[in-house]
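Colleague: I'm new to this one and would like to learn how to read it. Could you walk me through it, one feature at a time?

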Amino acid sequence: MTDCIFCKIANGELGTDLIYEDEQVVAFRDLNPQAPIHVLVIPRRHVATLNDLDAADSDLIGRMYLAARSLAVREGIAERGYRTLINCNAEAGQTVFHLHLHLLGGRPMGWPPG
Ligand code: AMP
């Protein structure tokens with residue numbers, strides 16, 4: 001999608017530092033971090049929301065979570081603990097309509113989330 005900011009990041013058009021890349025998934029640091037570690041893991045392919053995945057995408061969503069797991073180890077938060085989450089649509093607070101998995105850590109997390 002030509003006007004999608006996360007497509008542009010995945011394509012390298014914005015010069016964003018990609019801290020993880022494979023054939024299907026990339027990851028980069030959130031511009032407005034909500035924790036000391038705040039990484040976004042996204043598919044290279046444009047997918048607007050989690051609602052747009054189906055059974056054929058099980059490998060893709062699995063890769064996204066495994067990338068987050070690897071990054072948690074690399075960022076030194078795997079043992080202390082971290083949170084992964086996907087906001088889906090307006091009521092959950094999704095603001096960028098290109099699927100992204102948040103990886104947050106480096107501080108204690110409250111529950112329930114806001
Ligand atoms: P969400 O509210 O789940 O849609 O999250 C979107 C996230 O994308 C927010 O945490 C933003 O800070 C982040 N974000 C938006 N634009 C950029 C960008 N150009 N680079 C990195 N993160 C971004």
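This is a predicted model: local features need pLDDT of at least 70, side-chain atom pairs count only at pLDDT 80 or more; totals for chains, interfaces and linings use all residues.

Colleague: How many salt bridges does a search of the whole structure find?

Modeller: Six. One of them joins Arg63 and Glu23, with the closest N and O atoms 3.3 Å apart. That pair links distant parts of the chain: Arg63 sits in helix 2 and Glu23 in the loop between strand 1 and strand 2, 40 residues apart. When I say helix or strand, I mean DSSP runs numbered from the N terminus: helices are H or I with at least four residues, strands are E with at least two.

Colleague: Which side chain meets Arg63 in a salt bridge at 3.5 Å, N to O?

Modeller: That's Asp22. Asp22 lies in the loop between strand 1 and strand 2 and Arg63 in helix 2, so this pair ties together parts that are 41 residues apart in sequence. There's a network here too: salt bridges link Asp22, Glu23, Asp59 and Arg63.

Colleague: Are those residues buried or exposed, and how do I tell?

Modeller: Go by relative accessible area: under 20% is buried, over 50% is exposed and in between is partly exposed, using a 1.4 Å probe and protein chains only. Asp22 has 13%, so it is buried. Glu23 is exposed at 59%, and Arg63 is partly exposed at 23%.

Colleague: Which residue forms a salt bridge with Glu75?

Modeller: Arg29 does, and the closest N and O atoms are 2.9 Å apart. Arg29 lies in strand 2 and Glu75 in the loop between helix 2 and strand 4, so the pair ties together parts that are 46 residues apart in sequence. Arg29 is partly exposed, at 42% relative accessibility.

Colleague: Helix 2 keeps coming up. How far does helix 2 reach from its first C-alpha to its last?

Modeller: The general idea is to compare the reach with an expected span, which is 1.5 Å times one less than the number of residues. Helix 2 (residues 58-74) has 17 residues and reaches 24 Å, close to the 24 Å expected.

Colleague: Which residues of helix 2 are buried?

Modeller: Leu60, Met64, Ala67, Ala68, Leu71 and Ala72.

Colleague: What covers the buried residues of helix 2?

Modeller: Look for contact, meaning heavy atoms within 4.5 Å. The cover includes strand 1 (18-21), strand 2, strand 3 (37-43), strand 4 (82-85) and strand 5 (101-105).

Colleague: How do I read an aromatic pair?

Modeller: You describe a pair of aromatic rings by the distance of the centres and the angle of the planes. Rings of Phe, Tyr and Trp (its six-membered ring) pair if their centres lie within 6.5 Å; planes under 30 degrees apart count as stacked, over 60 as edge-to-face and the rest as tilted. By this rule there is one aromatic pair. Phe6 and Phe28 form it edge-to-face, 5.3 Å centre to centre with 75 degrees between the planes. Phe6 lies in helix 1 (residues 5-10) and Phe28 in strand 2 (residues 25-29), so the pair ties together parts 22 residues apart in sequence. Phe6 is buried at 7% relative accessibility, and Phe28 is buried at 3%.

Colleague: How many disulfides are there?

Modeller: A disulfide is a covalent bond between the sulfur atoms of two cysteines. The cut-off here is a pair of cysteine sulfur atoms within 2.5 Å, and the search finds zero. The sulfur of Cys4 is 3.8 Å from the closest cysteine sulfur, in Cys7, too far for a bond.

Colleague: Where is there a cis peptide bond?

Modeller: Between Trp111 and Pro112, with omega about 5 degrees. Pro112 is in the segment after strand 5.

Terms used
Residues are numbered from 1 along each chain as its sequence is written. Side-chain values use heavy atoms; hydrogens and water are left out. A salt bridge is a side-chain nitrogen of Lys or Arg within 4 Å of a carboxyl oxygen of Asp or Glu.
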